[in-house]
Amino acid sequence: MVPTVQAVHPKAHNELISQPEKSFEVVFVSGDSDMDEFSAYFAKMPWLAVPFSDSKALADLNERFKVMGIPHLVILDAEFGEVYTEDGVELVSEYGAEAYPFTAERINELKEQEKAAKENQTIHSVLGTPTRDYLISNGGDKVPISELEGKYVGLCFVVDGYGPVVQFTSLLAKIYEKLREVGEKFEVVAVSVDGDEESFSESFAAMPWLAIPHGDKVCEKLARYFELRGLPTLVLIGPDGKTLNNDIAEIIDEHGVDAWEGFPFTADKLGVLAEKAKARAEAQTLESLLVTDGLDFVLGKDGVKVPVSELKGKTVLLYFSAQWCGPCQAFLPKLVAEYTKIKEKHSDFEIVFLSSDQDQSSYDEFFSSMPWLALPLGDPREKQLGKTFKIRGIPSLVAIGPDGRTVTGDAKAPLTVHGADAFPFTGERLQELEKKMEETAKAWPEKVKHELHEEHELVLTRMATVYGCDGCGEMGGSWSYRCKECDLDLHTRCALEKKGDEEAAAGYVCEGDVCRKA
């Protein structure tokens, strides 16, 4: 019985073929567009392949296994053709060579082993192996795992040279030293899940804690065992060797160096951190956000330094964006238009651009199209404010009120839906606008027919999030004329405005029963 696969990770393949008792072979089924691509890719593989010239065989295999995307990994019994699984990519990623022979029985066995391991977990079962009962220090010393018994242990998953991990480990090092300074029994163990040994050694040299030796199979096992989903991740193990928390990295990121006061991050201690965070938010001022380490200005046009003090008493939008970001470029014209409208009526309003661009020329080009202020490129305040407001994607808009407190962490959604009318972005103002729109919606027909979608009627639908109008291509919210079956949305104005009823919205041409973008 020889399990055969369409594609598999070389590491698992090499491990399996090194064990004579395990019959195993791999066959590459190419999806390349030409012979040159196939040859270059196949040259990196230590296994077999269906000839690229045999287009019928390639097509038949894709049809036989209903391949909808790649990589796609089919594992079967080559002797009898029995398909063991078509989820081979997931199995190899999770279990590696241990999944052999990739049958349902073997996978269930591995899952039962992991379940039992978690129920009987100790610090030794997590960090050790039958042949290794030690960790290493950055000085190269072997430290017995037994020295961690009775301590809280943080497992810090690291990838060499990855920016967010580098920043996190720098912060964690400060907390680590503080906890040791006050006498807490706390240790950290680095778990490397990528990179070469030389790079790991360089980054590990700056870490004051221990590590699992680079390349040890336990590192991959722990990534699966703790269901690693992203980085940075810090798993907390209790003094009894049981898992207390699968990830406290976000807690540490949110509270910074002060997070040490929440150790060991029990419900009570997290309550203390929450109270401190609440107190900080209530005491927040524009200066506390934008003035730090001697940096007390933002940039106007031509590099003019504008003191932060000149923004006091204004509603300020912090605009997290970048020139390389497609959605940011698409959103900018809308933001410029609404900014201009707001400024015409409210002088106590401003926007500050916080860039994630990688070079000065990109920053300069993007900022040149903005009529507002900015932080300099690479300003440390940008990263700190990103952490403070938990910015997970761009473009993002955070609204700061005249008193310096946060009005909303998401001003983009109301500005997209209501435009300049959303100012000053307070809950009261948005409720007022929603109530007005609810009243307006009562006069709209429940269903309409539209020439852009003649297959079905469009139903007036209350939208929970913003959406893209399939008529004009712009974003909308609150209400849509929607075909749920076809996932199609039209702005109410695009669906309802008729020539002669009222003037079309700027940039639109109305013909008959439909308004389209000009």
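Let's start with Arg 493 and Glu 474, whose side chains meet in a salt bridge, 3.6 Å from N to O. By salt bridge I mean a side-chain nitrogen of Lys or Arg within 4 Å of a carboxyl oxygen of Asp or Glu. This pair links distant parts of the chain: Arg 493 sits in helix α18 (residues 492-496), while Glu 474 sits in the loop between β22 (467-468) and β23 (475-476), 19 residues apart. Arg 493 is partly exposed, with a relative accessible area of 29%, and Glu 474 counts as partly exposed at 32%. Here, buried means under 20% relative accessible area, exposed means over 50%, and partly exposed is in between, using a 1.4 Å probe and protein chains only.

A word on what you are looking at: this is a predicted model, where local features need pLDDT of at least 70 and side-chain atom pairs count only at pLDDT 80 or more, while totals for chains, interfaces and linings use all residues. Residues are numbered from 1 along each chain as its sequence is written, and side-chain values use heavy atoms, leaving out hydrogens and water.

Now, which residue meets Glu 438 in a salt bridge? That is Arg 462, at 3.0 Å, N to O. Again the pair links distant parts of the chain, with Arg 462 in strand β21 (residues 453-462) and Glu 438 in helix α17, 24 residues apart. Arg 462 has a relative accessible area of 37%, and Glu 438 has 32%.

Stay with helix α17 (residues 427-441) for a moment: Glu 432 and Arg 429 both lie in it, 3 residues apart, about one turn of the helix. Their side chains meet in a salt bridge of 2.8 Å, N to O. Glu 432 is partly exposed, at 48% relative accessibility.

How many salt bridges are there by this rule? The count comes to 22.

Let's step back to the whole chain. Its secondary structure comes to 18 helices and 27 strands; these are DSSP runs, with helices being H or I of at least four residues and strands being E of at least two, numbered from the N terminus. Of the 518 residues, 42% count as buried. The C-alpha atoms fill a box of roughly 80 × 70 × 45 Å along the principal axes.

Last stop, contacts, meaning heavy atoms within 4.5 Å. Residues 24 or more positions apart account for 52% of the contacts in the chain with a separation of 6 or more.
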